[in-house]
2 protein chains.
Amino acid sequence: MRKELKKTIILQGTEQGTERKEDTIVNEFHLAIFVNKQLIATLTCSPAKLDYLTTGFLFSEGLINGKEDINGLIIDQHEGVAKVKTEQGKNKGEAQTVRRLIISGGGKSCFTEPYYNQSRQGSNSQIKISITEIFALMDEFIQLSKIFQDTGGVHSAALCDKNGILLFSEDIGRHNAIDKIFGECILKGIKTNERVILTSGRVSSEIVHKVLKGNVPLLISKSAPTDMGIQLAEEFGITLIGFARGRRMNIYSQGWRVVNAA
Amino acid sequence: MRKELKKTIILQGTEQGTERKEDTIVNEFHLAIFVNKQLIATLTCSPAKLDYLTTGFLFSEGLINGKEDINGLIIDQHEGVAKVKTEQGKNKGEAQTVRRLIISGGGKSCFTEPYYNQSRQGSNSQIKISITEIFALMDEFIQLSKIFQDTGGVHSAALCDKNGILLFSEDIGRHNAIDKIFGECILKGIKTNERVILTSGRVSSEIVHKVLKGNVPLLISKSAPTDMGIQLAEEFGITLIGFARGRRMNIYSQGWRVVNAA
């Protein structure tokens with residue numbers, strides 16, 4: 001069985017009473033990330049692809065800009081520890097970063113400072129995608145979400161081009177699932193520009209921020225965005241689509257990339 | 001209109017093409033929490049009940065144990081700042097706490113240290129609840145979730161007794177929604193033992209930890225738990241119920257509190 005999952009015995013309750021059943025649940029794992037021997041964060045996550053998670057997390061947090069900034073990466077799955085060595089001087093801002101790291105939980109921010117302070121270009125990609133192509137991507141996305149189908153306990157994320165899904169991940173945290181995608185791209189040298197990120201989760205500003213950092217022009221979610229998520233996407237040239245489920249979607253920003261024709 | 005909400009114009013995409021529509025979205029707000037002039041955390045939240053959120057957050061994080069530890073609480077909604085004064089010496093662990101505060105996101109942990117290290121009693125409440133009562137609570141819970149019905153963009157939490165919902169909150173973060181409940185209880189002197197917490201969100205160990213801290217014996221979620229959430233609940237005498245939707249529920253721990261008869 002996959003290490004993200006576990007079988008357990010539960011009581012199922014209905015109007016007819018309770019009954020013992022076998023159920024599948026998700027495993028929760030705590031990963032402490034050390035950069036140059038300093039504890040940066042402890043993530044609650046699913047116990048798979050921890051190298052991708054670590055790399056994507058450090059990228060999202062601005063502690064690395066790419067693979068070249070990593071001099072060493074050791075995952076100790078037994079101890080729940082990731083040890084990262086970075087170029088000396090590349091992460092001088094660590095202590096400050098830790099102060100900016102924010103408490104957990106669906107929809108809590110990583111940064112106290114406005115994103116605008118961070119010099120960052122918006123996306124100028126001219127890529128377009130059709131409504132039919134989006135429906136096809138979401139169909140494939142749902143089919144790949146095996147752990148979600150078994151447990152209902154994880155979020156999914158994917159990197160795609162218009163023709164299909166290239167990378168896929170699931171994690172108990174919606175942020176982690178996306179970080180795992182970007183981490184895999186960084187470690188394998190996979191390009192992210194001119195591509196699409198899919199997420200099952202709600203889109204707050206920090207999710208848009210990750211996509212912006214990865215220079216991805218299209219972000220499509222099964223769920224709702226926030227006003228700040230939309231504003232950030234609009235301002236930095238990202239096409240943000242939400243509630244892409246069934247045969248519908250809401251296009252919240254930079255709608256010119258979505259074309260009607262197939 | 002409620003300050004948690006905003007109207008906006010979107011493009012709705014279907015197989016027939018795109019069409020302009022009015023839509024309601026949730027507002028995202030960033031609250032920087034200072035305790036004795038030290039920045040403790042910045043929460044991404046919905047902009048309501050910020051005094052409850054601040055109080056509940058500090059309680060969850062162990063920085064206060066009750067109202068008596070708060071010497072002052074000022075919310076500056078315009079600046080997005082909460083300023084808390086606590087008893088001198090009560091929050092000596094702040095710097096350390098900040099180090100333990102963890103990065104954002106659905107299902108990420110607040111603590112690097114095991115909960116077991118924190119001396120904490122389990123629940124020895126003898127309260128029982130029937131399956132019919134649980135269905136009735138969930139029906140009321142869903143009816144109260146107005147912002148969710150309008151936007152799909154928030155989580156809900158509630159404090160109940162067996163007869164109905166006593167306190168209700170909605171927030172873009174599932175952790176925040178629960179913190180707002182406990183914060184309101186603390187500020188208004190409302191008892192939480194012998195009562196029930198409802199949540200729309202997934203139940204990882206940090207959610208169980210909050211409920212344990214508030215000494216609530218019953219935790220009922222519309223969504224999935226993790227293995228660690230279940231383990232913590234079982235060990236500390238909390239009855240954990242998940243997937244309480246439709247006319248079903250899964251009972252994961254301490255099932256003796258759930259009785260068949262009405």
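Author: Two strands are said to pair if DSSP finds at least two bridges between them. Helices (H or I, at least four residues) and strands (E, at least two) are DSSP runs numbered from the N terminus. The model is a predicted one, where local features need pLDDT of at least 70, side-chain atom pairs count only at pLDDT 80 or more, and totals for chains, interfaces and linings use all residues, while side-chain values use heavy atoms, without hydrogens and water. Residues are numbered from 1 along each chain as its sequence is written, with chains lettered from A and ligands numbered from 1 in the order in which they are written.

Let us start with strand S3 of chain B. S3(B) and strand S6 (residues 81-86) of chain B pair in the parallel sense over 4 bridges, and there Phe34(B) has Lys83(B) of S6(B) as its bridge partner. S3(B) also runs antiparallel to strand S4 (residues 38-45) of chain B, joined to it by 7 bridges. In that pairing Phe34(B) stands opposite Leu39(B). S3(B) and S4(B) make a hairpin with 2 residues between them, and Asn36(B) in the turn has a positive phi of about 50°.

Axes here are lines fitted to C-alpha atoms, for helices over the stretch in contact, and angles run from 0 to 180 degrees between N-to-C directions. The H1(A) side of the contact (heavy atoms within 4.5 Å) includes Tyr52(A), Leu53(A), Phe57(A) and Phe59(A), and the H5(A) side includes Asp179(A), Phe182(A), Ile186(A) and Leu187(A). By class, the residues of this contact divide into 7 nonpolar (Ala, Val, Leu, Ile, Met, Phe, Trp, Tyr, Cys and Pro), 5 polar (the others, Gly among them) and 5 charged (Asp, Glu, Lys and Arg).

How enclosed is H1(A)? 10 of its 11 residues are buried, so H1(A) is largely enclosed by the rest of the structure. Among the buried ones are Leu50(A), Thr54(A), Gly56(A) and Leu58(A). Their cover includes strands S3 (29-35), S4 (38-45), S5 (70-76) and S6 (81-86), as well as H5 and helix H6 (205-213), of chain A. After H1(A) comes Gly62(A), with a positive phi near 80°.

Over all chains, a search of the whole structure finds 4 aromatic pairs (ring centres of Phe, Tyr and Trp, its six-membered ring, within 6.5 Å).

Chain B can be read alongside. Phe59(B) and Phe182(B) form a tilted pair, 6.4 Å centre to centre with 40° between the planes. Phe59(B) lies in H1 and Phe182(B) in H5 of chain B, so the pair ties together parts 123 residues apart in sequence. Both Phe59(B) and Phe182(B) are buried. The axes of H1(B) and H5(B) come within 6 Å and cross at roughly 95°.

Finally, a sheet that draws on both chains. Its 8 strands form an open sheet in the order S2(A)-S1(A)-S13(B)-S12(B)-S11(B)-S10(B)-S8(B)-S9(B), with mixed pairing. Strand S2 (17-26) of chain A and strand S9 (164-171) of chain B stand at the edges with a single partner strand each, so one side of each has no neighbour in the sheet. Neighbouring strands are turned by 25° against each other on average, direction ignored. Within this sheet, S12 (residues 239-245) and S13 (residues 248-253) of chain B pair in the antiparallel sense over 4 bridges, with Arg248(B) of S13(B) as the bridge partner of Arg245(B). Helix H7 (residues 227-235) of chain B lies across S1 and S2 of chain A together with S12 and S13 of chain B, at about 65° to S13(B).

How values were computed
Buried < 20%, exposed > 50% of the residue type's maximum accessible area, 1.4 Å probe, protein only. Phe/Tyr/Trp six-rings, centres within 6.5 Å; stacked < 30°, edge-to-face > 60°.
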